[in-house]
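Here is a short report on one predicted model. Keep the sequence and the 3D view open while reading.

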Amino acid sequence: ALVTQVMGGVAKALRLMAQKAEFGTVAGPEAKILTVGTAATSAQRANAALAAALEEVCAALGAVAPQLPATPRSLLEQALSQVAEVAAEAMAPVIKAAAEACDAQVLLMHKEDWAGGPPP
């Protein structure tokens, strides 16, 4: 019973941390810019640092979860899932921009005339 109460408090703190982190995520145009060969923008660095910190929390507390009884483990795992989701959302703008840049490069490769010899 005590472990369940403690994990309830930990889970609540984790959900609040996830909520604050979500508010701290930079979502403006600077977070979405991707230019190959240039450094990450300050927004991208901030989001990456936030995501890394959240992932560290998930890794540390995730290692504890298997050692807990079912009910407190479930409370902790649900809260950690929310934290991990916010970490992924923090990186989503730049990941999407990278995927779009890769798609554009693949489309250019498909338009290339390879009949003139081997690729460069």
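## Asn47 and its surroundings

Setting aside neighbours within four places in sequence, Asn47 contacts Thr25, Val26, Ala31, Ala90 and Met91. Asn47 belongs to helix α3. Is Asn47 buried or exposed? Asn47 is buried, with a relative accessible area of 2%. The cut-off for buried is under 20% relative accessible area.

Thr25 is one of the residues that Asn47 contacts. Thr25 sits in the loop between α1 and α2 (29–32). Not counting residues up to four places away in sequence, Thr25 touches Asn47, Leu50 and Ala90. The Thr25 side chain also reaches the backbone oxygen of Ala21, at 2.9 Å. Ala21 is among the buried residues of α1.

Helix α3 has 21 residues. From first C-alpha to last, α3 reaches 30 Å, close to the 30 Å expected at 1.5 Å a residue. Which residues of α3 are buried? They are Ala43, Gln44, Asn47, Ala51, Leu54 and Cys58. Seen down the axis of α3, these buried residues fall within an arc of 100°, so they line one face of the helix. An α-helix has 3.6 residues a turn, so residues three or four places apart point the same way. On the other side of α3, Glu56 and Ala59 are exposed. The buried residues of α3 pack against α1, α2 and α4.

Helix α1 has 23 residues. Its reach from first C-alpha to last is 33 Å, close to the 33 Å expected at 1.5 Å a residue. Met7, Ala11, Leu14, Ala18 and Ala21 are buried in α1. The cover over these α1 residues includes α3 and α4.

## The nonpolar core

The largest nonpolar core has 17 residues. Which of them touch the most other members? They are Leu14, Leu54, Leu76, Leu80, Val83 and Val86. Helices α1 (2–24), α3 (42–62) and α4 (70–111) each give two or more residues to this core. Helix α4 supplies the largest share, seven residues. In soluble globular proteins, nonpolar side chains tend to be buried together.

Leu14 gives a view of this packing. Not counting residues up to four places away in sequence, Leu14 touches Val57, Leu61, Leu76, Ala79, Leu80 and Val83. Of these contacts, Leu76, Leu80 and Val83 are also named among the core members that touch the most others.

## Partly exposed residues

Thr4 is found in helix α1. Gln82 lies in helix α4, and Leu75 lies in helix α4 too. Their accessibilities are tabulated here.

| Residue | Relative accessible area | Class |
|---|---|---|
| Thr4 | 29% | partly exposed |
| Gln82 | 31% | partly exposed |
| Leu75 | 26% | partly exposed |

Leu75 touches Thr4, Met7, Gly8 and Ala11. Met7 and Ala11 are among the buried residues of α1. Gln82 touches Arg15 and Ala18, again leaving out residues up to four places away. Ala18 is also listed as buried in α1.

Thr4 and Leu68 are 64 residues apart along the chain, and their C-alpha atoms are separated by 9.2 Å. Gln82 and Met17 are 65 residues apart along the chain, with 9.7 Å between their C-alpha atoms. For Leu75 and Glu22, 53 residues apart along the chain, the C-alpha separation is 20 Å.

## The salt bridge

How many salt bridges does the structure hold? It holds one. Glu100 pairs with Lys96, and the closest N and O atoms are 3.8 Å apart. Side chains of opposite charge can pair when their charged atoms come close. Glu100 and Lys96 are four residues apart in helix α4, so about one helical turn separates them. Glu100 counts as partly exposed, at 46% relative accessibility. Lys96 counts as exposed, at 55%. The cut-off for exposed is over 50%.

Note on methods: Residues numbered from 1 in each chain as written. Predicted model: local features only at pLDDT ≥ 70, side-chain atom pairs only at ≥ 80, totals over all residues. Heavy atoms only, no water. Core = buried A, V, L, I, M, F, W, Y, C linked by side-chain atoms within 4.5 Å. Buried < 20%, exposed > 50% of the residue type's maximum accessible area, 1.4 Å probe, protein only. Contact = heavy atoms within 4.5 Å. Salt bridge = Lys/Arg side-chain N within 4 Å of Asp/Glu carboxyl O. Polar contact = N/O pair within 3.5 Å; in protein donor to acceptor, adjacent residues only side chain to side chain. Expected span 1.5 Å × (residues − 1). Arc of directions from axis to C-beta.
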